[in-house]
Amino acid sequence: MHTTLWIITIVAAVAYVIGGASLLFMSREKYRSLGSNQHWVDDFGDGHLKAIALIKLTGGIGLVLPVATGIAPVLTPVAACGLALFMAGAATTRFRRSEWPYMAGDMVFIGVFAFLAWGWFTLPVT
């Protein structure tokens with residue numbers, strides 16, 4: 001179970017760090033052009049987009065760093081809970097925009113983060 005938990009944690013962390021960095025360093029137009037699922041950026045101002053990018057970056061780092069270093073490993077499941085809440089906000093945005101298939105993807109991410117939170121809260125860190 002630990003191997004599965006680590007693999008999912010690392011994949012999710014890498015995805016969110018890359019996503020946060022790309023949102024932080026790309027222009028709005030360039031980020032929007034990545035795909036039709038990125039048009040949500042039109043609903044937010046530049047400050048909001050920077051905040052979203054930083055949440056993704058810190059959440060991704062928070063998934064791996066505490067448990068990998070052994071320093072405050074309880075922060076890993078807390079980061080997973082935070083990212084689940086973050087994705088609930090993303091799903092709300094998809095709902096408002098009637099982007100149902102993309103909202104389903106956000107729901108999958110919520111499930112992944114709930115699994116990670118459960119796993120890291122309940123299993124002993126080794």
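Helices, here runs of at least four residues that DSSP assigns as H or I, are numbered from the N terminus. In this predicted model, the secondary structure of the protein chain comes to five helices and zero strands, so that the order of elements from the N terminus on reads α-α-α-α-α. The radius of gyration of the chain is 15 Å, close to the 14 Å that the globule rule gives for 126 residues, and the chain is therefore as compact as a globular protein of that length.

**Overall dimensions, burial and contacts**

- Along its principal axes, the C-alpha trace of the protein chain spans about 45 × 30 × 20 Å.
- When contacts in the protein chain with a separation of 6 or more are considered, residues 24 or more positions apart account for 65% of them.

**The largest pocket**

- Rolling a probe the size of a water molecule over the atoms shows where empty space is left.
- The largest pocket holds about 540 Å³ of space, and it is lined by 21 residues, of which W40, K56, M87, A90 and R94 are the closest to its centre.
- Two or more residues of this lining come from each of the helices α1 (2-25), α3 (46-69), α4 (75-96) and α5 (100-122), and among the contributors it is α4 that gives the most, with six residues.
- Sorted by class, the lining of the largest pocket consists of 12 nonpolar, six polar and three charged residues.

**Two loop residues with positive phi**

- Most residues other than glycine have a negative phi, and against that background two positions deserve a look.
- A72, which lies in the loop between α3 and α4, has a positive phi of about 55° although it is not a glycine.

**Selected helix positions**

- A84 is found in helix α4, and its relative accessible area of 15% lies under the 20% cut-off, so this residue is classed as buried.
- Leaving aside residues up to four places away in sequence, A84 touches I110 and F113.
- The C-alpha atoms of A84 and P124, which stand 40 residues apart along the chain, are separated by 22 Å.
- I10 has its place in helix α1, where a relative accessibility of 41% makes it partly exposed.
- Although I10 and L63 are 53 residues apart along the chain, the separation between their C-alpha atoms is 7.8 Å.

Terms used. Residues numbered from 1 in each chain as written. Predicted model: local features only at pLDDT ≥ 70, side-chain atom pairs only at ≥ 80, totals over all residues. Heavy atoms only, no water. 1 Å grid on protein atoms, 1.4 Å probe; cavity = no way out; pocket = protein on both sides within 12 Å on 5 of 7 lines; lining within 4 Å. Points joined across faces, edges and corners; volume = space filled by probe spheres on them. Nonpolar A, V, L, I, M, F, W, Y, C, P; charged D, E, K, R; others polar. Rg over C-alpha atoms; globule rule 2.2 N^0.38 Å. Contact = heavy atoms within 4.5 Å. Buried < 20%, exposed > 50% of the residue type's maximum accessible area, 1.4 Å probe, protein only.
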